[in-house]
Amino acid sequence: MFRIVLSLLVVFPSMVMATTSMHTLLSKGEYVRPLIVIEQIEAEYNGIVSSFDMDIENGQLVYEIDLLNLDDSEITELSFDASDGSLITKKLSVFEPDDLDQIKAARVLAKKEMTFTELVRMAQQDQAGYLIEAELEHDLAISYLELKLLNVSSKHTIAFDIEELRPLPLLQWD
């Protein structure tokens with residue numbers, strides 16, 4: 001029992017510090033907004049953006065974005081320097097079986113004739129916090145956008161139905 005309590009005392013403060021450092025970095029505002037970079041990708045590349053993730057690498061804020069090309073069955077993984085929006089790496093690969101859920105959701109998004117950016121903006125409406133992650137998902141016959149927002153006190157995850165263009169209240173986490 002003592003080991004469990006001790007491990008919680010060691011692990012929990014480091015988790016809080018990681019969240020705080022990301023929030024502190026974002027609140028300084030010295031970066032290109034994620035949706036600006038995503039819009040640029042949508043304009044310059046063929047395909048549908050299927051995920052966005054934010055990470056800190058060597059003290060530098062980095063955006064990682066996946067782009068699905070449904071016609072060619074390829075995924076382009078891009079990473080960008082958030083400070084100026086410049087491309088760091090680009091990797092091309094073919095679809096794999098574990099990509100099936102994102103592919104299904106991307107097809108629904110394409111059918112709606114919407115971009116990932118438009119969907120994220122719609123899902124973020126009336127939500128507080130910094131966008132730190134967004135991903136197309138398909139589960140239980142529902143295609144949705146899973147969105148993670150960070151504010152000063154917590155990370156909040158919401159789900160937004162792509163077909164119905166509305167929040168999925170049963171799929172919300174804090």
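The dialogue below goes through a predicted model of one protein chain.

Student: What should I know before I start?

Tutor: This is a predicted model, so local features need pLDDT of at least 70, side-chain atom pairs count only at pLDDT 80 or more, and totals for chains, interfaces and linings use all residues. Residues are numbered from 1 along each chain as its sequence is written, and side-chain values use heavy atoms, with hydrogens and water left out.

Student: How many helices and strands are in the protein chain?

Tutor: The protein chain has four helices and eight strands. Helices (H or I, at least four residues) and strands (E, at least two) are DSSP runs, numbered from the N terminus. Along the sequence the pattern reads α-α-β-β-β-β-α-α-β-β-β-β.

Student: What makes two strands a pair?

Tutor: DSSP must find at least two bridges between them. S3 (residues 74-81) and S4 have seven bridges and pair in the antiparallel sense. Within that pairing, Thr76 has Leu92 of S4 as its bridge partner.

Student: In what order do the strands of the sheet stand?

Tutor: The order is S4-S3-S2-S1-S5-S6-S7-S8, in an open sheet of eight strands with antiparallel pairing.

Student: Why are S4 and S8 at the edges?

Tutor: Strand S4 (87-94) and strand S8 (166-167) each have a single partner strand, so one side of each is left without a neighbour in the sheet.

Student: Which helices pack on the sheet?

Tutor: Helix H3 (residues 100-111) does, touching strands S1 (48-57), S2 (60-69), S5 (130-139) and S6 (142-150). The direction of H3 makes about 95° with that of S5. Helix H4 (residues 116-124) also packs on the sheet, touching S1, S5, S6 and strand S7 (155-161). The direction of H4 makes about 65° with that of S6.

Student: What covers the buried residues of H3?

Tutor: The cover includes S1, S2, H4, S5 and S6. The buried residues in H3 are Gln102, Ile103, Ala105, Ala106, Val108 and Leu109.

Student: Why is Val37 called buried?

Tutor: Buried means under 20% relative accessible area, exposed over 50%, and partly exposed in between (1.4 Å probe, protein chains only). Val37 has 2% relative accessibility, so Val37 counts as buried. Val37 lies in helix H2. Of the 174 residues of the protein chain, 38% count as buried.

Student: What is Val37 in contact with?

Tutor: Contact means heavy atoms within 4.5 Å. Leaving aside neighbours within four places in sequence, Val37 is in contact with Val32, Tyr63, Ile65, Phe80 and Gly85.

Student: Is Ser73 buried, exposed or partly exposed, and which of these is Glu113?

Tutor: Ser73 has 34% relative accessibility, so Ser73 counts as partly exposed. Glu113 has 72%, so Glu113 counts as exposed. Ser73 lies in the loop between S2 and S3, and Glu113 in the loop between H3 and H4. Phi of Ser73 is near 55°, a positive value in a residue other than glycine. Phi of Glu113 is near 55° too.

Student: Why is H2 called roughly antiparallel to H4?

Tutor: The axes of H2 (residues 34-44) and H4 come within 9 Å and cross at roughly 150°. Angles under 35 degrees count as roughly parallel, over 145 as roughly antiparallel, 65 to 115 as roughly perpendicular and the rest as oblique. That makes H2 roughly antiparallel to H4. Axes are lines fitted to C-alpha atoms, for helices over the stretch in contact, and angles run from 0 to 180 degrees between N-to-C directions. The contact is made by Leu35, Ile38, Glu39 and Glu42 of H2 and Phe116, Thr117, Val120, Arg121 and Gln124 of H4.

Student: What makes S6 largely enclosed?

Tutor: Seven of the nine residues of S6 are buried, so S6 is largely enclosed by the rest of the structure.

Student: How many bridges join S6 to S7, and how many pair S5 with S6?

Tutor: Seven bridges join S6 to S7, which run antiparallel. S5 and S6 pair over nine bridges, also in the antiparallel sense. One hairpin, of S5 and S6, has two residues between the strands. Another, of S6 and S7, has four residues between them.
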